[in-house]
Amino acid sequence: MRMKVSRHRTMRQSRRWQRKLIRFREIQRQIEDNAPDILESENFNRMKEYIQHGNMTVNAHVLNVARYSIALSDKLHLSCSRRELIRGALLHDYFLYDWHIPDYQNPHKLHGFYHPGIALRNALREYYLTEREKDIIRKHMWPLTVVPPGCREAWIVTAADKWCSLMETLHMHRGHGAILRKLRTYDIGTFV
């Protein structure tokens with residue numbers, strides 16, 4: 001009897017992980033479809049060199065924020081511009097320096113207050129940004145930015161950023177690598 005219950009639980013877990021993997025792939029496809037220019041950019045990929053929170057790179061952080069922004073808008077059934085949501089999330093921390101290492105030009109003591117403006121200037125140099133995308137980047141650090149986000153997309157990215165930052169700082173974010181490793185332990189057939 002115990003073996004039957006254990007097998008049933010394992011099958012249930014397997015189906016749950018299959019759904020998670022399918023959902024992860026759907027979200028990843030949406031990101032790739034809406035921002036191929038950003039994902040392939042040299043500066044965007046340079047963000048892999050900088051640590052954001054805990055041991056998470058800035059690149060991994062903004063990808064997580066984009067994923068969680070999509071998931072949050074879907075879960076709450078919020079209608080918004082998916083393209084602007086994704087692009088704003090990917091560029092919200094486009095400050096292109098390691099804020100943990102102070103230097104003469106960038107002492108980084110007030111990084112939380114100043115980096116949205118720096119990220120916006122850097123993004124404007126490389127991309128055409130809509131007003132919503134600018135609002136997302138400029139105000140994602142609210143309440144530090146004082147002026148609250150002005151559009152639904154900016155509120156979603158702000159919330160997703162706070163959640164991801166907390167999980168990364170507490171080293172609780174598992175990322176997609178952990179999900180794939182977990183999936184391999186279950187019998188899921190052709191999904192991996």
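Contact here means heavy atoms within 4.5 Å.

A word on the ground rules. This is a predicted model, where local features need pLDDT of at least 70 and side-chain atom pairs count only at pLDDT 80 or more, while totals for chains, interfaces and linings use all residues. Residues are numbered from 1 along each chain as its sequence is written, and side-chain values use heavy atoms, with hydrogens and water left out.

**Overall layout**

The protein chain has nine helices and two strands, where helices (H or I, at least four residues) and strands (E, at least two) are DSSP runs numbered from the N terminus. Reading from that end, the order is α-α-α-β-β-α-α-α-α-α-α. Of the 192 residues, 46% are buried; buried means under 20% relative accessible area, exposed over 50%, and partly exposed in between (1.4 Å probe, protein chains only). The chain exposes about 11,300 Å², with carbon and sulfur atoms supplying 57% of it. Areas come from the Shrake-Rupley method with a 1.4 Å probe, and for residues only the protein chains shown count as cover.

**Covered spots**

Helix H5 (residues 82-91) is mostly covered, with eight of its 10 residues buried. Among them are Leu85, Ile86, Leu90 and Leu91, and Glu84 and Arg87 are buried too.

| Residue | Relative accessible area |
|---|---|
| Ser41 | 9% |
| Leu170 | 47% |

Ser41 sits in the loop between helix H2 (36-40) and helix H3 (42-46). Setting aside neighbours within four places in sequence, Ser41 touches Tyr94, Glu126 and Tyr127. Ser41 and Glu126 are 85 residues apart in sequence, yet 9.1 Å apart in space, C-alpha to C-alpha.

Helix H7 (residues 131-139) packs with H8 at an angle of about 35 degrees, their axes 8 Å apart. Axes are lines fitted to C-alpha atoms, for helices over the stretch in contact, and angles run from 0 to 180 degrees between N-to-C directions. Arg132, Asp135, Ile136 and Lys139 in H7 meet Glu153, Ala154, Val157 and Thr158 in H8.

Leu170 belongs to the loop between helix H8 (152-169) and helix H9 (175-184). Together with Tyr68, Trp163 and Leu166, Leu170 forms a nonpolar surface patch of about 390 Å² accessible area. Patches take residues with over 30% relative accessible area and no salt bridge, joining like charges within 9 Å and nonpolar side chains (Val, Leu, Ile, Met, Phe, Trp, Tyr) within 5 Å. A salt bridge is a side-chain nitrogen of Lys or Arg within 4 Å of a carboxyl oxygen of Asp or Glu.
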